[in-house]
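Me: I would like to learn how to read the packing of helices and chains in a structure. Could you take me through it feature by feature?
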Amino acid sequence: MKPLWDGLFRKNPVLVLALGLVPAVAVTTTAMNGLALGLLTVAIWLAATIVSKAAAPYVPATARTAVRLLILIVLVVCVYAVLLRRNPSLVASLGIFLPLIAVNDLLLRAGREEQGMKEALLNTLGQGLGFALALLVLGMIREFLGYGSLFGTQILSGRLAPLSLASTVPGGMIILGLVMAVVNLVSKQGGELHE
Amino acid sequence: MSNGLEILAQTVVSGNLILIQGLGLYALTRYTKNVKEAVEAGISVVTSMLVGSVLLWLCGSIIPSSPVPQLGFYLLAALAAAVLAPRILKQDPSAEKMAVDSALVGLLLLLGRDGVTGVQNVWIALGAGVGYLLVLVVMATIRKRLELAPIPKPLQGLPILLITAGLLAAALMGFRF
């Protein structure tokens, strides 16, 4: 269970390792968006891990990035096709960031090839849930500040003017920076990159 | 977006890939340690953007019109661009990883979303590339000054970098309205 907890907190991909920042900044304008994209990413990532593990013996080392990208593209197009039929409004609100899951740097750069299937899946699940958790937290903060609501339910009723900067990309960068600083403060680490 | 100046203003300032669209943050955080590194990384991504947009221009007539195959087409164009660009620049093939940037794929997806056709693809990609490179260079120079500034420990490194980028982006947003 250790990889699971590591992924969620100590090695949280977004807040500690600083991977997958694009969706963390651009998509988390509401809590629902953050959670939806986070969970979709986990699902696609788990499937991609299984497929690329199965395909690994047949792929030369130089083509690994391209093949991994190809697998992710196929999976993303499938998910897109299903979602477009089931839940078109979600597709509309995630915009280009749904297909961008295919090039999430978290997914592309997480290739530790020498692991066994079970270990790799557990790692992927931990990192993926950590990613989803970070997106959810950012989405909640930004939705509260930007719209005064949480999961679409209005909490502040007009007394405080919402901070509309929070729902834009610049606001997202600033809030992500501040949340990372809080994580550093709690975990008593310096602010340098841990690679 | 009809004339060149308009496209340049739109893509470099009011629609900047990194600061306004939020794409390419991996490059922003990893490749801005000094100006030289920023320029090198920027050039390899810009090349892949140009390759991708030329592909879209050349394949203009065979791009499918229904949404799902169209998405697949744009993603495959991005993959082809990421594989071809390092070979054009004669970099070692592991540079593919650098070229597979969310800025490249995001740009192509934005072109698809806005229904851009023909040679305009290339002009917009050129503008977006200039904007992308510019941000990386600017952030690399700012980062140099940040190293000397008295910053509280929890904010050192990435947090202050993201906050700086956010403030820069907020300033750029002023040009949008």
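Reply: Let us begin with contact: two residues are in contact if their C-beta atoms, placed from the backbone, lie within 7 Å. This is a predicted model, in which local features need pLDDT of at least 70 and side-chain atom pairs count only at pLDDT 80 or more, while totals for chains, interfaces and linings use all residues. Residues are numbered from 1 along each chain as its sequence is written, and chains are lettered from A and ligands numbered from 1 in the order in which they are written.

Me: How many residues of chain A are in contact with chain B?
Reply: In this model, 41 residues of chain A are in contact with 40 residues of chain B. Helices are DSSP runs of H or I with at least four residues, strands are runs of E with at least two, and both are numbered from the N terminus. On the side of chain A that touches chain B, the largest share, 13 residues, comes from α8(A).

Me: Which classes do the residues on that side of chain A divide into?
Reply: Ala, Val, Leu, Ile, Met, Phe, Trp, Tyr, Cys and Pro count as nonpolar, Asp, Glu, Lys and Arg as charged, and the others, Gly among them, as polar. By that scheme, the side of chain A that touches chain B has 30 nonpolar, nine polar and two charged residues.

Me: At what angle do α4(A) and α4(B) pack?
Reply: Axes are lines fitted to C-alpha atoms, for helices over the stretch in contact, and angles run from 0 to 180 degrees between N-to-C directions. For α4(A) and α4(B) the angle is about 165°, with the axes 10 Å apart. Angles under 35 degrees count as roughly parallel, over 145 as roughly antiparallel, 65 to 115 as roughly perpendicular and the rest as oblique, and α4(A) and α4(B) are therefore roughly antiparallel to each other. Residues making this contact include A:Leu69, A:Ile73 and A:Tyr80 of α4(A), together with B:Leu71, B:Leu75 and B:Leu79 of α4(B). By class, the contact of α4(A) with α4(B) has 15 nonpolar, one polar and no charged residues.

Me: Which residues of α4(B) meet α6(B)?
Reply: Within chain B, the axes of α4 (residues 67–88) and α6 (residues 102–113) come within 9 Å and cross at roughly 145°. Among the residues that meet there are B:Tyr74, B:Leu75 and B:Ala78 in α4(B), and B:Leu104, B:Leu108 and B:Gly112 in α6(B). The contact of α4(B) with α6(B) divides into 10 nonpolar, two polar and no charged residues.
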